[in-house]
Amino acid sequence: MLGTFMAVLEVTVVNVGLPAIMSSFGIGISTAEWVITAYMITMTVMLPSAGWFADRFGNKGVYILGMALFTLGSWLCGKSPSDGFLIASRALQGLGSGIIQALGLAIVTREFKPEERGLALGLWSMAAAASISFGPLLGGYLVDAYSWHRIFDVNVPVGLLAILLSVFIQKEWRGDVRHPFDWKGFAAIVLFMPLTIFALARGNSATNHEGWASPTVIACFAVAAAAFAFFIVTELRNPTPLLQIRLLGERNFGISMGVLTLFAVGMLGGTYLLPLYMQRGLGYTALMAGSVFLPVGLIQGVLSAVSGYMTRYVKPLLPVVAGILAMALSFWLASRFTIHTTHRHILFVLYLRGFGMGLTFAPLNLFSLKNLTQQDRAAAAGSSNSIQQLAGSFGIALLTVVFTARTAFHAAHETQQTPQTYVEGVTDALTVVVWITLAAALPLLGAIRRKKRTG
């Protein structure tokens, strides 16, 4: 629980500290986005990979290695003298986070008897939910009361404690691994994601006078596309691939992953933009910006349990579509934010988003796994987590491009950079999120219509 809490916390806690980091190093949003995406990329790479290394070299040793990498990365982040050093440290931190999250669930499942497992998994899930709720609030407090360095330093003592507990309490376990590691798939995804995000960031950079026609940008996109195509081919041919993408051929799972991809692009990208809007546009402190996110995780947690129970009486797709439409409405309302938007209105929009998220996740998971065998479900869960994180990284990069372009457009028309132009850039980007979120509902509506025709 300690490891999971910290690993998930680092996805959310940095959002509210990003404006302070930008001011400290004098960097723009195109560079600052790498503080988040570097962490998410390396975490995503390790999510499907950690299981193989744990089976080969032992769960306990690999898990402790993940905790050590995460703790070392956190310490280095807090000591960063430059933005480049911080981004590299975040990448190291993400490697450890991917190992922690991938092995945490397996450890809990294996250590407890079947009659105790439900409670244990519930408590383990609470750690992740708590970090989503308290991450922005904790980050805001540390930034305001101390400095942005403390949002990383706080992980060090907790990480050392978790390592110590793992050494003395956790039991070693090693699987019977006979198949080789999928190095081809691993190399392809490692090449694809950083190059894609770099090209998106570089194409809109102020130092790139050639824009999207720059040979560097074109070359990066070309190599990334080739790496992605190679990844698809090698994963389909490999009997033991890094990601079981052949499962996407199962209709329910394929539709769910399409929805989840669009959802992650919009959800993680939108969550990344709102703290910037509140601090740079409205003048909120980091603590004030972080506090508005506290109820979202609580509402999501309660509604997830309720929506999961509802699936006993209604078809899973109905609450999923209702939840996606509620999220689309929340993003549409957010795209109408101005420098005069009240605190109460912002809270209402975020409460509506938490309501939509709570309605969506549990029924969508049930729908996605419905037709899969027990053996395929474990692989499907790993693929689902990786796809969501990859899509989230892409979403942050994409919305940064839109935000930067629209801010420059409004600044040119107003002749200077003001909070108003900054707010207009954020809200223009959130308009894109509305259409992305609505697009997620289309395949589900099609699935509902097909069921009615056949049923």
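**Exercise 1. In which helix does Thr 196 lie?**

Thr 196 lies in helix H9, which covers residues 183-203. Helices here are DSSP runs of H or I with at least four residues, strands are runs of E with at least two, and both are numbered from the N terminus. A quick word on the source: this is a predicted model, where local features need pLDDT of at least 70, side-chain atom pairs count only at pLDDT 80 or more, and totals for chains, interfaces and linings use all residues. Residues are numbered from 1 along each chain as its sequence is written, and side-chain values use heavy atoms, with hydrogens and water left out.

**Exercise 2. Work out whether Thr 196 is buried or exposed, and find what Thr 196 touches.**

Step one: get the cut-offs. Buried means under 20% relative accessible area, exposed means over 50%, and partly exposed is in between (1.4 Å probe, protein chains only).

Step two: apply them. Thr 196 has a relative accessible area of 7%, so this residue is buried.

Step three: look for its neighbours. Leaving aside residues up to four places away in sequence, Thr 196 touches Phe 221, Ala 224 and Phe 394; contact means heavy atoms within 4.5 Å.

**Exercise 3. Describe how H4 passes H8.**

Start with the axes, which are lines fitted to C-alpha atoms over the stretch in contact, with angles from 0 to 180 degrees between N-to-C directions. Those of H4 (residues 59-78) and H8 (residues 155-169) come within 9 Å and cross at roughly 165 degrees.

Next, name the arrangement. Angles under 35 degrees count as roughly parallel, over 145 as roughly antiparallel, 65 to 115 as roughly perpendicular and the rest as oblique. H4 and H8 are therefore roughly antiparallel to each other.

Now pick out the residues. Among those making the contact are Tyr 63, Phe 70 and Trp 75 of H4, along with Gly 159 and Ile 163 of H8.

Finally, H4 passes H8 in a left-handed crossing: the near helix is turned anticlockwise from the far one by less than a right angle, whereas clockwise would be right-handed.

**Exercise 4. Do likewise for H2 and H5.**

The axes of H2 (residues 29-46) and H5 (residues 83-111) come within 7 Å and cross at roughly 30 degrees. H2 and H5 are therefore roughly parallel to each other. As for handedness, H2 passes H5 in a right-handed crossing.

**Exercise 5. How many helices and strands does the protein chain have?**

Count them up: 17 helices and zero strands. To finish, of the 455 residues of the protein chain, 53% count as buried.
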